[in-house]
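Hi everyone, thanks for coming. I'd like to walk you through one model today, so please have a look at the screen.

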Amino acid sequence: MAGDAAEDEDDASERAACDSIEAGLAAARAAAAAAVAALQAGSAKRKRAEEGLEERRRELEEDRAEAREALAEALEVKAEALKVKDAAGVEAAEIRRAVAAERA
């Protein structure tokens, strides 16, 4: 009987140790799952940020292209205005010469 009691006590001690180990493993699994979830959330957040940056880069490139087009058009208009100004200057000079010739 004393042997049975000692054996029962050893079995109970082993069960308690196993239960403690299993609880530790469960806690470790939960911590690992939480770490994986945090990594996945961080990865998803990084991916969204990268996608946002890429979208912003595309928008900026489109804005630059539009600005270059607008500048090219403005330069064309300026060139045309200079041609008109030069033509008007020539015409004004001809009118002044004609008026001067009439007065003379």
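**Starting at Glu-50**

Helices here are DSSP runs of H or I with at least four residues, strands are runs of E with at least two, and both are numbered from the N terminus. From Glu-50 to Leu-39 is 11 residues in sequence and 16 Å in space, C-alpha to C-alpha.

Before I go on, a word on where this comes from. This is a predicted model, in which local features need pLDDT of at least 70 and side-chain atom pairs count only at pLDDT 80 or more, while totals for chains, interfaces and linings use all residues. Residues are numbered from 1 along each chain as its sequence is written, and side-chain values use heavy atoms, with hydrogens and water left out.

Now the whole chain. How many helices and strands does the chain have? There are 1 helix and 0 strands. The radius of gyration is 44 Å, well over the 13 Å that the globule rule gives for 104 residues, so the chain is more spread out than a compact globule. That radius is taken over C-alpha atoms, and the rule is 2.2 Å times the number of residues to the power 0.38. Along its principal axes, the C-alpha trace spans about 150 × 15 × 5 Å. As for burial, 0% of the 104 residues count as buried.

Let's turn to the charges. Side chains of opposite charge can pair when their charged atoms come close. The structure holds 7 salt bridges, each being a side-chain nitrogen of Lys or Arg within 4 Å of a carboxyl oxygen of Asp or Glu.

Which partners does Arg-58 have? One is Glu-54, at 3.7 Å from N to O; another is Glu-55, at 2.7 Å. Arg-58 and Glu-54 are 4 residues apart in helix H1, so about one helical turn separates them. Arg-58 and Glu-55 are 3 residues apart in helix H1, again about one turn. Arg-58 is partly exposed at 40% relative accessibility, Glu-54 is partly exposed at 35%, and Glu-55 is partly exposed at 36%.

Further along, Glu-61 forms a salt bridge with Arg-68, with the closest N and O atoms 3.4 Å apart. Here Glu-61 is partly exposed at 39%, and Arg-68 is partly exposed at 48%. Elsewhere, salt bridges that share partners join Glu-54, Glu-55, Arg-57 and Arg-58 into one network.

My last stop is a negative surface patch, formed by Glu-62, Asp-63, Glu-66, Glu-69, Glu-73 and Glu-76. Patch residues have over 30% relative accessible area and no salt bridge, with like charges joined within 9 Å and nonpolar side chains (Val, Leu, Ile, Met, Phe, Trp, Tyr) within 5 Å.

Technical notes: Accessible areas come from the Shrake-Rupley method with a 1.4 Å probe; for residues, only the protein chains shown count as cover. Lys and Arg count as positive and Asp and Glu as negative; His and the chain ends are not counted. The place of a charge is taken as NZ of Lys, CZ of Arg, CG of Asp or CD of Glu. Buried means under 20% relative accessible area, exposed over 50%, partly exposed in between (1.4 Å probe, protein chains only).
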